[in-house]
Amino acid sequence: MDWDDIVYLSLLFFSIGFGPIFRQIGNKCMKRNVATFVGIVITLIASRTHFWHPLLLTLANIFIIKCLNKRIIHTVSFAFSFVYLIFFRNTVLFGIPYPPPHLNLIQMIMTLKLVGLAFEFHDTTKAIEAGKNDPEFETSKIPEPSQGDIFHYSFCYIGILTGPYYSYRMYLDMFNTPFVKYVNCWDHTLERVKMLPLYGVLFLIFTSYFSFDYALTDEFYMERSVWYRIWYVLPVFVQFRTRMYIGMRLSEAVLIMSGLGAYPAVTVPLPGKGPSREHVQIGIISKDEEKAKNTEYSFGAIHNIEPYGAEFDYTVRQAMRHWNMTVQYWLAAYVYKRFPYKAYRVGVTFMISAIWHGMYAGYYCCLCSVPFYLPIEDIYYKNLKDIKVSPVVSWIWFMVAYWWRMLLMGYWGIAFRLLTLSACFKYWSSVYFIPTFITLLMYAVSFIIFPNRKRIKSKENNTDDQISSKTD
């Protein structure tokens with residue numbers, strides 16, 4: 001473990017441990033100031049002399065949100081923030097040293113938060129002008145943020161290192177609702193982290209016996225068979241996923257221990273979105289101390305990953321729904337649903353996701369492969385799901401589909417880790433692009449075995465399936 005990882009984990013565990021202290025602060029103004037002060041300290045430690053990057057991003061968005069026409073602030077904020085993210089990752093081209101690696105994570109989360117805030121304020125302003133006043137709008141609208149409000153939200157220590165993404169509305173609710181006084185944050189945290197020892201053991205085992213670095217050696221390409229190289233993506237993919245499970249579960253623990261994202265369970269809070277039903281209950285429970293004490297609470301609003309679903313769903317589409325769910329909500333709400341040309345929504349959304357992740361070609365090879373596969377998967381799933389077969393045949397079909405999905409995602413995932421185009425092409429060509437050709441063959445065969453196949457429609461209310469997130 002290198003020094004950067006030690007610093008990163010130390011800051012993450014500090015943020016978790018600071019949560020109980022933070023929850024005890026009663027004064028809202030002091031609580032907000034403490035959250036911002038701690039966030040700035042964490043950012044300074046992670047960024048060192050490059051603190052000006054998140055500061056400039058925040059100040060620019062303050063100007064955009066406060067000074068520009070409310071009808072265009074979301075578009076301008078989106079364009080500026082993503083262009084700046086590209087500049088941030090290419091500073092060496094301008095004679096500026098690269099920022100520390102962990103500052104990249106902070107910059108990524110700040111980008112989502114600030115652009116999301118611009119969308120929230122734009123949507124609120126537009127809805128008020130239209131005379132909207134239903135219960136759902138009342139619990140999702142935001143007051144016009146001041147310059148200080150935007151700064152505090154941007155630099156709040158909660159989730160500043162790795163997320164999960166949470167909206168400005170959730171940030172306000174942490175200060176303005178009494179739920180955190182009655183929810184048992186310890187129990188919810190333990191529930192989220194109870195599997196971490198297993199993930200840690202699996203990560204160490206797979207790292208020791210199936211090192212990713214081995215996939216970069218000449219021996220791997222010269223002395224191993226093509227079938228071994230294809231198979232090797234499976235253990236490497238397990239190693240990658242267990243590492244991500246550990247990081248995301250710890251990140252969720254930071255938010256839970258701070259009390260952010262707590263809502264009555266009856267409102268069915270969804271990742272990134274917050275309450276999705278019974279919106280009037282938020283106000284009712286907030287005003288009734290007895291009800292607040294006896295209410296069951298949920299942190300579903302900041303639930304970011306579901307390892308069981310990600311591991312055992314047998315289609316790519318379903319498995320994706322359980323991965324980085326708050327970010328997928330952001331992509332669905334602010335990219336997929338807003339893009340004017342429906343036919344290109346999925347592709348554009350995955351492209352934005354790739355840009356957000358970074359500038360390496362491997363991210364684009366991985367993420368931009370998915371939109372080309374999903375329609376093919378849909379053809380088979382929607383035409384075969386209603387066919388009645390014996391349990392044995394059903395089990396065989398499940399196993400074939402499951403291992404194909406794992407192999408395909410590992411094939412894409414190794415590109416995500418190889419990073420460069422030359423490294424991706426070297427690996428994919430070494431296995432003769434077999435998964436790619438099988439995918440194309442599946443599509444060709446579908447015309448033969450499904451001559452009257454069901455038409456795959458693109459509907460607005462299928463956003464959840466396309467981007468793995470519920471926004472309605």
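Reply: Patches are made of residues with over 30% relative accessible area and no salt bridge, where like charges are joined within 9 Å and nonpolar side chains (Val, Leu, Ile, Met, Phe, Trp, Tyr) within 5 Å. A salt bridge is a side-chain nitrogen of Lys or Arg within 4 Å of a carboxyl oxygen of Asp or Glu. Accessible areas come from the Shrake-Rupley method with a 1.4 Å probe, and for residues only the protein chains shown count as cover. The model is predicted: local features need pLDDT of at least 70, side-chain atom pairs count only at pLDDT 80 or more, and totals for chains, interfaces and linings use all residues. Residues are numbered from 1 along each chain as its sequence is written, and side-chain values use heavy atoms, with hydrogens and water left out.

Me: Which residues make the nonpolar surface patch of about 470 Å²?
Reply: One member, F94, is found in the loop between α4 (73-88) and α5 (101-129); helices are DSSP runs (H or I, at least four residues), numbered from the N terminus. F94 counts as exposed because its relative accessibility is 56%, where exposed means over 50%, buried under 20% and partly exposed in between (1.4 Å probe, protein chains only). The patch is made by V92, L93, F94 and Y98.

Me: How many of the 29 residues of α5 are buried?
Reply: α5 reaches 43 Å from its first C-alpha to its last, close to the 42 Å expected at 1.5 Å a residue, a span taken as 1.5 Å times one less than the number of residues. G131, with a positive phi near 80 degrees, follows α5. The helix is mostly covered, and its buried residues number 23.

Me: Which residues does Y171 contact, leaving aside its neighbours within four places in sequence?
Reply: In the largest nonpolar core, of 135 residues, Y171 is among those that touch the most other members. Such a core is a set of buried Ala, Val, Leu, Ile, Met, Phe, Trp, Tyr and Cys residues joined through side-chain atoms within 4.5 Å. With contact meaning heavy atoms within 4.5 Å, the partners of Y171 are R32, H152, Y153, C156, Y166 and L260.

Me: Is N324 buried or exposed?
Reply: N324 is found in the loop between α16 (316-320) and α17 (325-336). Its phi is positive, about 50 degrees, although N324 is not a glycine. Because its relative accessibility is 14%, N324 counts as buried.

How values were computed
Helices (H or I, at least four residues) and strands (E, at least two) are DSSP runs, numbered from the N terminus.
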